Amino acid sequence: RADADTAKTLTTAPTVLTIAGVIEHDQDDLAIAETDLRAARAAVGGEFNCTAASYLARVLVKQARWPDAAAAFEGTMDCYDRRASLGEQEIARLRADSTARAGHAGFVLFVGRRLAQQTAEVAELRRSYHVAAFNGASARARLGELARARELLAIAGRDPERAEQVARLHQALNARAPR
């Protein structure tokens, strides 16, 4: 934390603010964490800073600011979706380049490694997108916004790793009110 505080006196770079915000979140210094994470999101390129978006939503949950938290989780979803879409475009470009240069063994090997890396990154971004959808659904449910909670659960449910959590929240929603 001391290093992050020192770094903030030297620069307001989004990465520094994001790291500081994560540490401040973990130490429950929520007001400062919120300020730093919002600044990181407001910086140039902040719309792609999904770590800051995700931690901002978590800060708002810790503060029990459910309307803000719900909106922040949906903003986090948008962030992960944008980044994953860009990654998918990169995969398509790499595949096209690989096909065009199939005779160049070194290039094909490089592209193969890059494709594997990019594919793994996109899979992780999509997983995070589904986690944010589930968390958004939970926040919307707390607010009594059951229809929106169900919409977000439908998105979260596309990830097989979320199936059990999604089923439990569906059960809780169904117990609260009829469809």
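Which ring does the charged end of Arg58 sit over? The ring of Tyr55, with 4.2 Å to its centre. This is a predicted model, where local features need pLDDT of at least 70, side-chain atom pairs count only at pLDDT 80 or more, and totals for chains, interfaces and linings use all residues. Residues are numbered from 1 along each chain as its sequence is written, and side-chain values use heavy atoms, with hydrogens and water left out. The chain comes to 8 helices and 0 strands, where helices (H or I, at least four residues) and strands (E, at least two) are DSSP runs numbered from the N terminus.

**The whole chain**

- Going along the sequence, you read the pattern α-α-α-α-α-α-α-α.
- Taken along the principal axes, the C-alpha atoms fill a box of roughly 60 × 50 × 20 Å.
- Of the 179 residues in the chain, 39% are buried; buried means under 20% relative accessible area, exposed over 50%, and partly exposed in between (1.4 Å probe, protein chains only).
- The accessible surface is about 9600 Å², and 55% of that belongs to carbon and sulfur atoms; these areas come from the Shrake-Rupley method with a 1.4 Å probe, and for residues only the protein chains shown count as cover.
- Take the contacts (heavy atoms within 4.5 Å) with a separation of 6 or more: residues 24 or more positions apart account for 56% of them.

**Helix H3**

- Helix H3 covers residues 30-42, and at 1.5 Å a residue its 13 residues should span 18 Å; the end C-alpha atoms are 18 Å apart, so the two agree. The expected span here is 1.5 Å times one less than the number of residues.
- Its buried residues are Leu30, Ala33, Glu34, Asp36, Leu37 and Ala40.
- An α-helix has 3.6 residues a turn, so residues three or four places apart point the same way.
- The cover over the buried residues of H3 includes helix H1 (2-10), helix H2 (14-26) and helix H4 (50-62).

**The nonpolar cores**

- A nonpolar core is a set of buried Ala, Val, Leu, Ile, Met, Phe, Trp, Tyr and Cys residues joined through side-chain atoms within 4.5 Å.
- The largest one has 26 residues, and the members that touch the most others are Met77, Phe134, Leu153, Ile155, Leu169 and Leu173.
- Two or more residues of this core come from each of helix H5 (66-100), helix H6 (105-142), helix H7 (146-156) and helix H8 (163-176).
- H6 gives the most to this core, at 10 residues.
- Leave aside neighbours within four places in sequence, and Met77 is in contact with Tyr129, Ala132, Ala133, Leu152 and Ile155.
- There's also a second, separate core of 18 residues, and Leu30, Ala52, Leu56 and Ala139 are among them.

**Rings and charges**

- A charge sits over a ring if NZ of Lys or CZ of Arg is within 6 Å of the ring centre and within 35 degrees of the ring normal.
- Besides the Arg58 and Tyr55 case, Arg82 lies over the face of Phe48, 5.9 Å from the ring centre.

**Residues to look up in the helices**

- His130 is in helix H6, and its 10% relative accessibility is why it counts as buried.
- Not counting residues up to four places away in sequence, His130 touches Ile155, Ala156, Arg158, Asp159 and Arg162.
- Gln118 is also found in helix H6, and it is buried, with a relative accessible area of 7%.
- With residues up to four places away left out, Gln118 touches Gly87, Glu90 and Ile91.
- Over in helix H8 you'll find Arg176, which is in contact with Ala141, Arg142, Gly144 and Leu146 once neighbours within four places in sequence are set aside.
- Arg176 and Glu161 are 15 residues apart along the chain, and their C-alpha atoms are separated by 25 Å.
- Gln165 is in helix H8 too, and it is partly exposed at 29% relative accessible area.

**Loop residues with positive phi**

- Asp28, in the loop between H2 and H3, has a positive phi of about 60° although it isn't a glycine.
- Ala64 is in the loop between H4 and H5; its phi is positive, near 55°, and it isn't a glycine either.
- With 45% relative accessibility, Ala64 counts as partly exposed.
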